[in-house]
Amino acid sequence: MIYSSELIKGTLKTIILKLLADNKRMYGYEITQKVKELTSEKIQITEGALYPTLHALEDAGLVTTEAEYIGKRVRKYYKLSKSGQTKAKEKVSELADFMETMKFLLDLKPQQI
Amino acid sequence: MYPLSEEQIDFICRDIQARGVEMESLQQDLLDHVCCIIEQNLEANGNFEEFYFQTIRRFYKNELKEIEEETLFLLTHKNYYAMKKIMLTSGAFSTIVLSAGILFKFMHWPGAGVLIVAGIVLFSLLFLPLLFTLKVREKQEIRDKFILTAGVISAILFSLSTLFKLQHWPGANIMGVSAIGIMILLFLPVYFFTGIRNAETKVNSIVTSILIIAAAGLLMSLVRSPGNSTFINQLDTAYFLRNEQLLQTEQKQLQTLLETRKNAMEIPAKTAQINLLCQELKSYILLKQTGHQTLPADYETKQILLTDNWSRDHFTEGTEGAEKLQELRGLVETYNAENSKTAGFQPVPVKATILDQSEERTLSMLQHLTQIQLQVMQNEQNVLARN
């Protein structure tokens, strides 16, 4: 099963921030591959969603980039800034909390009030 | 693993550009991404072009440009919220500051001027332009954009004209009239005729139009017509000149009286000094107001007229006017003290006059300087009559 893009959209920022928090620096293709690998291909990040989000994160000062030449082309590595590290923790715990609430809301965990 | 040649990389790069991706950093991202996919997934003897077009096709729904559009949307969206926040904050802040300024003004507390100016400047140069930039994006139709533009320009001009009026800066009237002109002649017709066509907005449009015309009408009825202003200035100037004439004639007569007496007398030094200073101050005011130290005989044809506006700005601390006025006040005070014992002496008032800077308008300042001259002269006549 591959999740719908609506579901991915709301969590993409969190996914990227968390991945960058766990790996020192990553380039775009690497991020998509890593997500695919970690989720056994259940989550596939599209290029059309990944790059706009990366650029928005960069604009917000949460990630910084380092450019490196690979032969003729430039590879841009993305890494978390100081505020990005804090934000990553915030986003992850927010999503975790959200998932708990969703479990309860969707009646998947009726024992808890 | 497929080894990409430099030509192939150039080819991909050009193709990405040709598909409408203009941001360089996004081009670099996409180029590297496609290259990675090709290198990883295409066999060494595979068909490069075919594989490339299949790969790039997976990046978008309709066209590759979407990625850039989405990026730009996210980037401006962030600004949008920041701008909205600044707009609301500056709007609330400027109105509070302006209201506080007005309260301070009525209570005669210090700082009223600064508050009012800051309030108006923030309102017209930060809040209104931001409001415009944010709202204009929401409007689709050219007509709506026009209504918004005309409305905001008119509002900015109007509030700046109030500021200029308060600060006695030139151009206030032109701005005010342009603001009302734009409002009535450009904004209103388009707004009205757009609004009444739509059943939903019909009543609202009519009511708002009536309110705008009524407000503009009330405002204009407070404004003096330019012709009438000239007429009033002529009257004021003639009035001032008549007083000057009376004063000079009296002074000449007193001089003659003193000189032709059996035991000739001289005007005391202090009186002469006060007189001279008053004359100098009047010249100073005239110079600042009309550009002439004395009004020429043909002042009417040359349109060199006095205007009854504020002259206090020429008497702020450190100006020549303020120094002279201070000197005059000192002279008058010693003059009053020295002569207080003289029978029939009328002291020259200082409190709530030009001397303590209570009077601030051109005409009343000129008027009072003449009155001081007349008073010291009458005191001399009094001495003369008693001897």
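Among contacts in chain A between residues at least 6 apart in sequence, 54% link residues at least 24 apart, where a contact means that the C-beta atoms of two residues, placed from the backbone, lie within 7 Å. The structure is a predicted model, in which local features need pLDDT of at least 70, side-chain atom pairs count only at pLDDT 80 or more, and totals for chains, interfaces and linings use all residues. Residues are numbered from 1 along each chain as its sequence is written, and chains are lettered from A and ligands numbered from 1 in the order in which they are written.

The secondary structure of chain A consists of 4 helices and 3 strands; helices (H or I, at least four residues) and strands (E, at least two) are DSSP runs, numbered from the N terminus. Read from the N terminus, the order of elements in chain A is α-β-α-α-β-β-α. Of its 113 residues, 28% are buried. A residue is termed buried if 20 or more other C-beta atoms lie within 10 Å of its own, exposed if 12 or fewer do, and partly exposed in between, with C-beta atoms placed from the backbone.

The 3 strands of chain A make an open antiparallel sheet in the order E1-E3-E2; two strands pair if DSSP finds at least two bridges between them. Strand E1 (26–27) and E2 of chain A are the edges, and because each has a single partner strand, one side of each has no neighbour in the sheet. Helix H1 (residues 5–22) of chain A packs on this sheet and touches E1, E2 and E3 of chain A, and its direction makes about 90° with that of E3(A). Such axes are lines fitted to C-alpha atoms, for helices over the stretch in contact, and the angles run from 0 to 180 degrees between N-to-C directions.

Strand E2 (residues 63–70) and strand E3 (residues 73–80) of chain A are paired in the antiparallel sense over 8 bridges. Within this pairing, Val63(A) has Leu80(A) in E3(A) as its bridge partner, and Glu68(A) stands opposite Arg75(A) in E3(A). The hairpin of E2(A) and E3(A) has 2 residues between the strands, and Gly71(A) there takes a positive phi near 60°.

Chain B has 12 helices and 0 strands. Of its 387 residues, 22% are buried. Among contacts in chain B between residues at least 6 apart in sequence, 61% join residues at least 24 apart.

Helix H4 (65–107) of chain B has 43 residues and reaches 61 Å from its first C-alpha to its last, close to the 63 Å expected at 1.5 Å a residue. The expected span is 1.5 Å times one less than the number of residues in the helix. Buried residues of H4(B) include Ile67(B), Met87(B), Val97(B) and Leu98(B). The buried residues of this helix pack against H3 of chain A together with H2 and helix H5 (112–138) of chain B. Ala100(B) also belongs to helix H4 of chain B, but it counts as partly exposed because it has 17 C-beta neighbours inside 10 Å. Its C-alpha atom is 7.0 Å from that of Leu115(B), 15 residues apart along the chain. Just after H4(B), His108(B) has a positive phi of about 60°.

Helix H8 (residues 202–221) of chain B has 20 residues, which should span 28 Å, and the 29 Å between its end C-alpha atoms agrees with this. H8(B) is hardly covered, with 0 buried residues.

The contact between the chains takes 22 residues from chain B and 16 residues from chain A. On the side of chain B that touches chain A, H2(B) gives the most, with 11 residues. By class, this side has 12 nonpolar, 4 polar and 6 charged residues; Ala, Val, Leu, Ile, Met, Phe, Trp, Tyr, Cys and Pro count as nonpolar, Asp, Glu, Lys and Arg as charged, and the others, Gly among them, as polar.

The largest nonpolar core has 37 residues, and those touching the most other members include Ile16(A), Val63(A), Val34(B) and Ile38(B). A nonpolar core is a set of buried Ala, Val, Leu, Ile, Met, Phe, Trp, Tyr and Cys residues joined through C-beta atoms within 7 Å. H2(B) gives the most to this core, with 8 residues. Not counting residues up to four places away in sequence, Ile38(B) touches Tyr2(B), Leu4(B), Phe51(B), Tyr52(B) and Thr55(B). Another core, of 25 residues, lies apart from the largest one and includes Leu115(B), Leu131(B), Val152(B) and Leu188(B).
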